[in-house]
Amino acid sequence: ETLDLCEIWRLVVRAEQKRKRRVKGVTERNRGRENFWAWKSHLSHPVADLVLRNGVIYTSDDSLPFAESMAVANGRVLRVGNHSFVKELEGYGTQILDLGGKVVVPGFIDSHVHFIAGGLQMKQVELRGVSKKEEFIRRIKDAAQSSKQGSWILGGGWNNDLWEGGDLPAASWIDDITPNNPVWLSRVDGHMGLANSVALKLVGITSLTDDPMGGIIVRAANGEPTGVLIDSARALITSLIPEDSVDDRREALLRASSLALTRGVTTVVDMGRYYPGFSAELSWDDFSEVYQWANSMSKMKIRVCLFFSMDTRFRLVDLISKVGHTLSEWIYIGGVKAFADGSLGSNSALLYEPYVDEPDNYGLQVSEPEALLNMTLESDLNGLQVAIHAIGDKANDLILDLYSTVASTNGMRDRRFRIEHAQQLAAGTPGRFGRQRVLASMQPDQLLDDADSTGKKLGKDRADTESYLFQSLLNNNALVAFGSDWPVVDINPLSGIKTAMKRTPPTWESAWIPSECISLDDAIKA
């Protein structure tokens with residue numbers, strides 16, 4: 001404490017001089033200076049916990065796109081570069097991992113998931129990929145046989161577009177095998193579901209029940225409900241399903257986090273369990289009872305950015321004013337979400353022209369336009385990031401109009417408005433995304449299921465000019481962020497990258513709209 005570093009080093013040098021002979025041609029002064037700076041340099045560099053070398057390390061930084069080595073300490077990247085540059089940080093206890101030429105990329109960000117809902121669905125009846133009515137019925141029968149009388153049977157992931165004929169399911173399919181249990185089975189897109197007759201009777205849905213605002217009760221020719229409910233009509237059933245316990249939801253978070261990590265996902269943007277007609281409290285309950293618990297108990301495994309219903313915007317503003325956006329290194333408070341329309345799979349995406357298979361149907365506008373504008377104005381004025389779900393071509397243009405009005409009213413700033421899905425875009429719309437700097441939050445793997453059905457719903461011309469326009473958006477300098485919308489499709493960024501590059505559905509031999517295929521570099525960045 002009484003000697004500075006220079007004095008200490010002089011003592012070391014003098015002791016060394018007594019023990020060793022001087023190297024010819026090197027003066028005592030120069031040798032001391034050389035050793036001092038080497039020692040000081042060593043002290044100034046942290047020692048890496050882990051060094052990766054002999055790899056292809058993708059940085060996404062245009063100034064150094066690739067590197068061969070990387071050093072890590074305390075969960076942070078220290079250096080990325082060539083072997084000799086990174087080797088300086090090796091020391092006692094450093095783990096060296098030779099990659100043998102393998103590729104390393106930064107942890108993926110899934111820009112749109114329903115995280116706890118997905119974790120819960122992992123324990124329910126799995127119907128994703130089922131392509132036959134008989135298999136659909138068999139899985140429900142198996143679940144009924146292992147369920148207590150009176151308990152709800154829940155499941156999800158069915159996609160009628162995979163079945164021969166594409167007909168919607170009906171309560172009559174499963175009534176005989178579920179006489180003692182109410183059943184609710186969500187479609188893969190999360191905008192439609194099937195209830196059995198026990199559930200319909202339990203909530204009082206009959207031929208006399210009116211369609212709710214922003215929803216449809218599908219009916220047979222005689223006016224009786226078939227059991228299929230679309231968008232906000234689903235809440236007629238889901239409002240009576242017993243809420244999952246806190247322990248179940250906490251386990252769902254841990255289950256979902258583990259799955260995400262196995263797929264290379266280290267951050268997700270969680271849009272919560274809020275859907276049209278559903279309670280906005282579900283996402284807040286998950287925040288207070290699940291996420292804050294996991295954070296306080298050091299059980300968070302991946303980073304999350306949380307969005308809440310726009311209906312609760314002032315509550316979110318109050319929270320941010322007290323704790324800020326960043327609760328911890330794991331939890332970030334993002335913004336608010338609303339809905340403009342439904343989904344293409346449920347024939348409820350809002351379109352300029354009607355559905356080919358339903359000539360009188362243009363889709364659903366699930367939010368009242370003036371109310372949505374006023375909520376967005378207030379949210380933006382209070383500094384909240386806004387994300388609005390829009391799938392149909394008309395819905396996307398309506399939201400771009402709305403965002404333009406809000407920006408001109410509230411003034412220019414880095415607000416990063418988002419449109420979730422941006423699936424069907426009319427001519428000229430990709431350019432509007434670029435000019436307005438609106439972020440297109442898209443899910444490449446969803447086109448694998450939609451490729452066959454979109455042409456049937458919209459006609460070949462609209463399907464082949466409007467659908468999943470990745471390259472057109474990039475050509476117009478739009479911001480594009482990729483995700484999965486899990487549990488709509490699997491949380492799997494490597495699959496999403498391949499799909500964005502190839503656009504080849506499982507039964508196809510060539511790409512769907514080849515001009516919209518994007519590069520590996522753009523896909524990884526998205």
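Strand 16 (residues 303–309) is mostly covered, with six of its seven residues buried, where buried means under 20% relative accessible area with a 1.4 Å probe, protein chains only. Helices (H or I, at least four residues) and strands (E, at least two) are DSSP runs numbered from the N terminus. The model is predicted, so local features need pLDDT of at least 70 and side-chain atom pairs count only at pLDDT 80 or more, whereas totals for chains, interfaces and linings use all residues. Residues are numbered from 1 along each chain as its sequence is written, and side-chain values use heavy atoms, without hydrogens and water.

**Strand pairing**

- Strand 16 pairs in the parallel sense with strand 15 (residues 265–270) over four bridges; pairing requires at least two DSSP bridges between two strands.
- In this pair, V269 stands opposite C305 of strand 16.
- Strand 16 also pairs in the parallel sense with strand 17 (residues 331–339), over six bridges.
- Here C305 stands opposite Y332 of strand 17.

**Largest cavity**

- A cavity is a set of points on a 1 Å grid over the protein atoms alone where a 1.4 Å probe fits but cannot get out, and lining residues have an atom within 4 Å of a point.
- Two cavities of 30 Å³ or more are counted, and the largest holds about 70 Å³ of space; a volume is the space filled by probe spheres set on the points, which are joined across faces, edges and corners.
- Among the residues lining the largest cavity are D270, R273, D286, L306, F307 and F308.
- Helix 10 (281–296) and strand 16 each supply at least two lining residues, and helix 10 gives the largest share, four residues.

Terms used: Buried means under 20% relative accessible area, exposed over 50%, partly exposed in between (1.4 Å probe, protein chains only). On a 1 Å grid over the protein atoms alone, a cavity is a set of points where a 1.4 Å probe fits but cannot get out, and a pocket is an open set with protein on both sides within 12 Å along at least five of seven lines; lining residues have an atom within 4 Å of a point.
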